[in-house]
Amino acid sequence: LTAVVGGKVLQRLIERHNLPAHRVSRLIQYGREHVLLTNFALDQSADEIRELVERLAENRLLTTSLILRALCLGNFTFLIPALATQAKIPMRNVRLLIADESGRGPERLFEHCGFESKLKRLFTRLVELSRSVRSRRFGFAPAGWRTEVLQVIDEELGGPNPEQSFDQRITEVLMRLENGGGGGARTEPAALRSAHAE
């Protein structure tokens, strides 16, 4: 369903807003990942989530952006097996690296995962933030998690943007980092703001 809808939205956004196809394609990918983590994955047991992570990895769909979005959303039920799969280490070791208070744990986890260096600051800051979080039932972060994550994201993006939702800010920081951009305020083009809304 998301593939069909994604294709139609892709065509409409390119035609209506004259956006580059590759950029719109990334937006749609981020949208699919958001749907996966906020709808489908919410109703699954821990065993089902692990199976889902394995299937995603087998099909090369366990992307860096999906893992980072799970971290931003505080979906630890998905995040822990995803990191374990990406790093090729047991889940127990992932938890130990997250809990490591020496300061090296998040960095070592990042290195094991083989993520691009431009993502390191965001990843390590969020992992360090998660260390003090007590997950709710089913492994999700408590209500205050989003507020703390948003502060980190806003710092990465050079300041808050009240016009964007939390989920849009996640997409914005992922796109910015993917394109190699650093911090600093930036005004999003009107066409892209409209694309986010669709």
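**Group meeting: helices and salt bridges**

Okay, let's start with contacts, meaning heavy atoms within 4.5 Å. Among those in the chain between residues at least 6 apart in sequence, 59% join residues at least 24 apart.

Quick housekeeping: this is a predicted model, so local features need pLDDT of at least 70 and side-chain atom pairs count only at pLDDT 80 or more, while totals for chains, interfaces and linings use all residues. Residues are numbered from 1 along each chain as its sequence is written, and side-chain values use heavy atoms, with hydrogens and water left out.

So what's the secondary structure? Eleven helices and zero strands, where helices (H or I, at least four residues) and strands (E, at least two) are DSSP runs numbered from the N terminus. Of the 198 residues, 44% count as buried; buried is under 20% relative accessible area, exposed is over 50%, and partly exposed is in between, with a 1.4 Å probe and protein chains only. The accessible surface comes to about 10,600 Å², and 50% of that belongs to carbon and sulfur atoms; that's Shrake-Rupley with a 1.4 Å probe, and for residues only the protein chains shown count as cover.

The axes of H9 (residues 145–157) and H10 come within 10 Å and cross at roughly 35 degrees. Those axes are lines fitted to C-alpha atoms, for helices over the stretch in contact, with angles running from 0 to 180 degrees between N-to-C directions. On the H9 side, the contact includes Val149, Leu150 and Ile153, and on the H10 side Phe166, Ile170, Glu172 and Arg176 are among the residues. By type, the contact residues split into eight nonpolar, no polar and seven charged. Here Ala, Val, Leu, Ile, Met, Phe, Trp, Tyr, Cys and Pro are nonpolar, Asp, Glu, Lys and Arg are charged, and the others, Gly among them, are polar.

On to salt bridges: a side-chain nitrogen of Lys or Arg within 4 Å of a carboxyl oxygen of Asp or Glu. The structure holds eight.

Elsewhere, salt bridges with shared partners join Arg104, Glu107 and Glu111 into one network. In the Arg104 to Glu111 bridge, the closest N and O atoms are 3.8 Å apart. Arg104 is partly exposed at 37% relative accessible area, and Glu111 is partly exposed too, at 47%.
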